[in-house]
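Subject: The structure, and some notes to go with it

Hi there,

Here is the structure I promised to pass on to you. Have a look at it first, and then read my notes below.

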Amino acid sequence: MPIPKIQTIESKTVVIPIENIDTDQIIPARFLKTTSMEGLGEGLFCDWRYNADGSPKPDFVLNQPQAKGAEILVAGDNFGCGSSREHAPWALKQYGFKAVISSSFADIFRGNSLKNGLLPVIVPADIHAELLRWPGIQIKIDLASQTVTLPGGRTIEFPIDPFAKHCLLEGVDELGYIQQQEAAIAAYEAKRV
Amino acid sequence: MSTNGRPRTTAEKIWDNHVVAERPGAPSLIYIDLHLCHEVTTPQAFSTLRARGLKVRRPDLTVATMDHSTPTTSRELPLLMDPAGSAQLQQLEDNCKEFGIRLYNLKSDKQGIVHVVGPELGMTQPGMTIVCGDSHTATHGAFGALAFGIGTSQVGHVLATQCLLQVPSKPYEIRVDGALRNGVTAKDIILAVIAKIGIGGGTECVFEYTGSAIRALSMEERMTICNMSIEGGARAGLVAPDDTTYQYMAGREFAPKGAGWDAALARWKQLPTDEGAVYAKQLILNADQLEPMITFGTNPGMGIPVSGKIPTPESMVDLQARADLEKALKYMDLQPGRPMAGHPINVVFVGSCTNSRISDLRAAAAIMKGRKVSPTVRMLVVPGSMQVRQQAVAEGLDKIFRDSGAEFREAGCSMCLAMNGDQLEPGEYSVSTSNRNFEGRQGKGGRTFLASPLTAAASAVTGVVTDARSL
Ligand code: SF4
């Protein structure tokens, strides 16, 4: 299956300055009854985005004009904690985000994101604090050099698992990669008790 | 595997036993012994297999059950009220048939929450690698297995290849010494642990629960603790196997028998952590000092003793933590500084993969016996599996619950995540034995206090948050 490649992402930021945003907030459980991957973008942050009658909440950032078209979300520490639902990165992707920046991510969410071409970018606490303070700034994320470039030209390096980076840059399909190791799998099974 | 005689933890031993291949610059390829499936996180994975013309490699190591969007009132499909849920359940039925996977469906007397079913049927065994598209897979770690939640892409990888690309986790020892006081339970231990380390405290780690207080726990209690490892941010949590483990397993449907049992036992006895093995992190708690715990906020780390007071934002030094607490108290509509005990509630939920096994139902029933659910409270008792349900009925627990005014349901996740129609109304407060109190987790606008079955049942009787020891 062709996996889209990622090189650079250039966009203004949208900021949700809340710590520990869990996957139940990103996509509430009632949207998990789908058997496809479609239509999840509408459910993204649903209970923060909409009133009970379905009208948008004007004070939520995604409903404000300056958020239109932004591809980079900056959020508080420990983003994506909670359940293993891959619907969370699917919803963020479908909404239009290509990267999330935080000071840390929950493990399963980070893994799920990397498998779906949503880049989880971990920056040091001081940079994180600045990004939280200045919503809407234009930044550039370059995967090959693992850098975030701020408006003044200052660059910050971010860590990423080298294999995940390779997969994202080259569009490597992980399942295909595992299947190439059939001989090793068969050998393991032969000696498995 | 060569280990150069280095002392290893249980998790490291299981890891070493399951490495299929290692290539430079890539994560290790790990073999999976047991893959558990349910209706919510598998449909897209089966679609991937179908699109690529792939088979399930080891249907014999794959098992499915229905739990998340499963009704706990009726067992008939389609669910007239819920076409989307019906479609999802039907799709699992179809996928299991097409790919040859054993399924415990709504008609099966073995259906139930995936993390309750695996252990009670003896599928969960020491030394195994176990995965499921569900973050509470850590529950199975109670048997000395390396068990962790995966996303739907990885569900597809395991279905097709029985393998996963993984990097090793850091071992984190959580040692609980001493003895629990009367009325303090396994749930209180894990809520106290998470309150201490925070919900991100175990990121990239596997917890190993050790110490005399853990050794003294039953398997069901160990499952309650391992279950909530993810709430501490860990990938997995486990307890090294011992005689308690082996006694629980002996004779269960899928446990090895005869000579196979003896051989398995010999292997399992190699699993406990070696003397001198090194942990990356450590937390030590004294069981004697623990109290019944309850959460007041919107993540499982926001917990205090039931007898405690709601923290005040002004007392927090960290500004972000203060903002989070303010936000949580606003959502929960709670006054800082006020005691938790005595706060009015609307709903009590006894259930979920954390606390829905027979011992949990017995604990709740012991409180309800001869008492009534407060007229201002709705109480739901949802067994974790149909086997648990049958056992509860055989012991007359269903009658105790019904006589008290509680509802006694069929098995499923139910109000733990409110996908099946069982949910809180906006603004309602619940005391729940489940594992997550995130905003809206139990229904949009609902407010959840997490606690043990004892605290939940006692609160159902009085209609306010109550320490069961005060009844
Ligand atoms: S009971 Fe709750 S936590 Fe457990 S598997 Fe079901 S939804 Fe997940």
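A word on the ground rules. This is a predicted model, in which local features need pLDDT of at least 70, side-chain atom pairs count only at pLDDT 80 or more, and totals for chains, interfaces and linings use all residues. Residues are numbered from 1 along each chain as its sequence is written, chains are lettered from A and ligands numbered from 1 in the order in which they are written, and side-chain values use heavy atoms, with hydrogens and water left out.

Back to the interface. Chain B is split into domain 1 (10–166), domain 2 (170–289) and domain 3 (294–470), with bounds from an automatic or database domain assignment. Between domain 1 of chain B and domain 3 of chain B, the C-alpha centres are 28 Å apart. Contact (heavy atoms within 4.5 Å) links 25 residues of domain 1 of chain B with 23 residues of domain 3 of chain B. The two domains bury about 1800 Å² between them, 59% of it on carbon and sulfur atoms; buried area is the accessible area (1.4 Å probe) that two parts lose on being put together, summed over both.

Asn78(A) has a positive phi of about 60°, and Asp333(B) has a positive phi near 50°. Asn78(A) sits in the loop between strand E2 (72–75) and helix H3 (87–95) of chain A. Helices (H or I, at least four residues) and strands (E, at least two) are DSSP runs, numbered from the N terminus. Is Asn78(A) buried or exposed? Asn78(A) is buried because its relative accessible area is 3%, and buried means under 20%, exposed over 50%, partly exposed in between (1.4 Å probe, protein chains only). Asp333(B), at 48%, is partly exposed.

Enjoy exploring!
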